[in-house]
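Here are some notes to read alongside the structure.

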Amino acid sequence: PDPIPSPPSYPVVGHALTGVIDPVTPTLSYRLLREKYGRIYELNFYGRPLIVVSSQKLVNELCDETRFHKNVSGALEEVRHGAGDGLFTAYHGEESWGIAHRILMPAFGPQQTLGMFNDMLDINSQLLFKWERFGPDHPIDPTDDFTRLAFDTVSLCAMSYRVNSFYQEELPAFVRAMGGFLVESGRRAQTPHMMQGFMHKSNTQYEADIKLMVDLCDKIIAQRKAHPEGAKNDLLNRMLEGKDPKTGRGLSDANIRNQLITFLIAGHETTSGLLSFTCYHLLANPSTYTKIQAEIDEVLGNDPIQLSHLPKLVYTNAVLRESIRLNAPLGMLNVTPNEDTIIGGRWEIKKDTRCVVEINGLQRDPEVWGDDAEEFRPERMLDGKFEALPPNSWKPFGNGARACIGRPFAWQEATMMMATMLQRFDLRFDDPSYHLHLKQTLTTKPKDFKMHAIPRRGAR
Ligand code: HEM
């Protein structure tokens, strides 16, 4: 086998203190490393190797579930402190993952998601009213508003609980606790284990944030069990009543709580990132903006949005696909080989070595996307071109059995938001000279991006 390219490192700590990975915006470092060392390179933190891969050909091998499996490590492992054995953070082969996966897959299926249309529209309308009432001169922070939208939506759809974040200036305590928990989980992942015990203040806050999330979800479950009558058939109901077709077992209360926390974690920053990046790309590409708005005007006209509109929004769908290609909110998939193996016919990877699919690199691989891979061009997603892509070239929702269970949910929510937003408003940059900067926690979002929403004449 050939040696895997690797930047210079120190003895013992490896790349840990060399500054190769910027702790604030790692995405940018991965980009620089990819440009310098290519689409496979190796890093090493305190003796533990990490192999980063970003070409379609190699990623295609890493996505082969007979050879590789998801590896819960780094920030994901820290998130287990709050989300436990919920689907997102469950270890490979953990029994409760299988049971929950089989119970929950149908609950997140396309038909069930269509049934969530009214709840999604409820929250969606709250955001549009807010923008209408603030008026055209108010600089909107789209990421903040879309985070409220996504959080309130997933909470209402999952457990019929209203966070009501649009009615509060500050983010509600629950949302703040989760935000604090995620940032701290990321920070802990970069801190050697022996140091963590000394961080008393942040540990106390971390535990308080976890307790707040756990207590609220436990309370919601207890209330539902005490008063099941008249409850909506939401995800919570399905989890309380569902039986695994394979083992006949149901989910424990603790596991249900872990799933609720998981949906809230997995479902809010990601969807918010997708919507924020899409607004940015539309404003930065006026001809695309004109086209998507024309499609929405043609399909919706002045009517309130309906389920039957969604499949007709073909260009809107392409815009979302292209936006999430250039800026995947979750930029990394962690996998590890089942056995010692060789990829690309020349690079050896030992069993249990941590490997990372760098999604943003993959989704800009010029061998798949061509010389204009860095450009925003939704047309490349139209007319069967998306379906004809080489396997595993577009992976914003992860891979195989461990892929995103909330994909239809997020897609429907995002499509509804784009359609209703552009039906009612014209968007403008607050600062026309704005260039995209990234802000990264567990997920990536645009930084300091502000816009205006100008009510359109003739809009409802
Ligand atoms: C898993 C992305 C929205 C729930 C994943 C994974 C990705 C992802 C990349 C795989 C993670 C890994 O391999 O470690 C996204 C994106 C979203 C989104 C980009 C929005 C644009 C949602 C929503 C929900 C959700 C709305 C729930 C309501 C989950 C769960 C998993 C997951 C439960 C773990 C599945 C399993 O391993 O069984 N998501 N997600 N996601 N996502 Fe999403």
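1. Two strands are said to pair if DSSP finds at least two bridges between them. Please keep in mind throughout that this is a predicted model.

2. How many bridges join strand β1 to strand β2? There are 6, and the two strands, residues 40-45 and residues 48-53, run antiparallel. As a general point, strands of a sheet pair through backbone hydrogen bonds, and the pairing is either parallel or antiparallel.

3. Individual partners can be picked out in this pair. Glu-42 has Ile-51 of β2 as its bridge partner, and Phe-45 stands opposite Arg-48 in β2. The hairpin of β1 and β2 has 2 residues between the strands. In this hairpin Tyr-46 takes a positive phi, near 50 degrees.

4. Now the helices. Two packed helices are described by the angle between their axes and the distance between the axes. For helix α6 (residues 117-134) and α17, the angle is about 35 degrees and the axes are 10 Å apart. The crossing of α6 past α17 is right-handed.

5. Which residues make this contact? From α6 they are Met-120, Leu-121, Asn-124 and Leu-128. α17 brings Gln-412, Glu-413, Met-416, Met-417, Thr-420, Met-421 and Arg-424. By class, the residues of the contact of α6 with α17 are 6 nonpolar, 3 polar and 2 charged.

6. Helix α17 (407-424) also belongs to the account of the ligand: α17 and α12 (253-284) each supply at least two residues of the shell around the ligand. Which helix gives the most to this shell? That is α12, with 7 residues.

7. There are 25 residues around the ligand, and those that come nearest are Gly-267, Thr-270, Gly-398, Cys-404 and Gly-406. Sorted by class, the shell has 16 nonpolar, 7 polar and 2 charged residues.

Key: Residues are numbered from 1 along each chain as its sequence is written. This is a predicted model: local features need pLDDT of at least 70, side-chain atom pairs count only at pLDDT 80 or more; totals for chains, interfaces and linings use all residues. A residue is near a molecule or strand if its C-beta atom, placed from the backbone, lies within 6 Å of it. Helices (H or I, at least four residues) and strands (E, at least two) are DSSP runs, numbered from the N terminus. Ala, Val, Leu, Ile, Met, Phe, Trp, Tyr, Cys and Pro count as nonpolar, Asp, Glu, Lys and Arg as charged, and the others, Gly among them, as polar. Axes are lines fitted to C-alpha atoms, for helices over the stretch in contact, and angles run from 0 to 180 degrees between N-to-C directions. A crossing is left-handed if the near helix is turned anticlockwise from the far one by less than a right angle, and right-handed if clockwise. Two residues are in contact if their C-beta atoms, placed from the backbone, lie within 7 Å.
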